[in-house]
Amino acid sequence: LYYSYIHGNKPTSKIFNTDKIAKYFALLDLTKTYHGTVWFNMRFYYNPVISRLEPIGYDGYTDGGAWDNYKRPIFGFVRYGDNITKKNELDCTLYRLFDDKIFLDKYISYLQKYSSEDFINSFMKSVNKDQQYYENILKEEFPEYNYDYNYLKNNAKAIRAELPKFIKYVNNNPDFAKFAFDVVGHKNNYSQ
């Protein structure tokens, strides 16, 4: 399945559990943990019931990261002129996900959900006790460590601000994601 994905033989929705991978990428945007999206860091579970791949979060951290140089709140908001051609060829294929309308619609839906103030406030409240516990453990070894409680709120706010522009761009440029992998020699072989 992943071979078919890399070579453009099938659309995203025929290879991945679309709902789960859309959630995964929306959460990557919220947490800015893009390091795990480099092709050799990606892990998948093959779900034999639906014959699709499902993402496994792995090696995601926020300190810099492979895609940090774009400094944008929405990873999928790839635009002509982005400096993507300097990336590894397999990394460029990551944008093929965004060339599938089924995935893209779900991704946008989860961006809206996860960036909402209600979601962020509810999540932060639900993990507050654990957050404080683990922060105290970290401070035993790293006394200067302080968790930035505004980190997710600020990321969510940036996503909310960028989302209308992203939706408009997607609606006005239905083939917006194709250039990212076409420029490195990968053409779509499938027909949707």
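Is E135 buried or exposed? E135 is buried, at a relative accessible area of 9%. Buried here means under 20% relative accessible area, exposed means over 50%, and partly exposed lies in between (1.4 Å probe, protein chains only).

This is a predicted model, in which local features need pLDDT of at least 70, side-chain atom pairs count only at pLDDT 80 or more, and totals for chains, interfaces and linings use all residues. Residues are numbered from 1 along each chain as its sequence is written, and side-chain values use heavy atoms, with hydrogens and water left out.

**Salt bridges**

Side chains of opposite charge can pair when their charged atoms come close. A salt bridge is a side-chain nitrogen of Lys or Arg within 4 Å of a carboxyl oxygen of Asp or Glu. The whole structure holds 6 salt bridges. Among them are these:

| Pair | Closest N to O |
|---|---|
| K23 and D19 | 3.7 Å |
| E162 and K165 | 3.4 Å |

Helices (H or I, at least four residues) are DSSP runs, numbered from the N terminus. K23 and D19 sit 4 residues apart in helix α2 (residues 18-31), so about one helical turn separates them. K23 is partly exposed, with a relative accessible area of 29%. D19 is also partly exposed, at 24%.

E135 and K139 belong to helix α5 (residues 117-141). They are 4 residues apart, about one turn of the helix. E135 is buried, whereas K139 is partly exposed, with a relative accessible area of 29%.

E162 and K165 lie in helix α6 (residues 151-172). Their spacing is 3 residues, about one helical turn. E162 counts as buried, at 12% relative accessibility.

**Packing of α4 and α6**

Helix α6 also meets helix α4 (residues 101-114): their axes come within 10 Å and cross at roughly 160°. That makes α4 roughly antiparallel to α6, a term for angles over 145 degrees. Axes are lines fitted to C-alpha atoms over the stretch in contact, and angles run from 0 to 180 degrees between N-to-C directions. The crossing is left-handed, meaning that the near helix is turned anticlockwise from the far one by less than a right angle.

Contact means heavy atoms within 4.5 Å. From α4 come L104, Y107, I108, L111 and Q112; from α6 come I159, L163, F166, I167 and V170. These residues divide into 9 nonpolar, 1 polar and no charged. Ala, Val, Leu, Ile, Met, Phe, Trp, Tyr, Cys and Pro count as nonpolar, Asp, Glu, Lys and Arg as charged, and the others, Gly among them, as polar.

Conventions: Helices (H or I, at least four residues) and strands (E, at least two) are DSSP runs, numbered from the N terminus. Angles under 35 degrees count as roughly parallel, over 145 as roughly antiparallel, 65 to 115 as roughly perpendicular and the rest as oblique.
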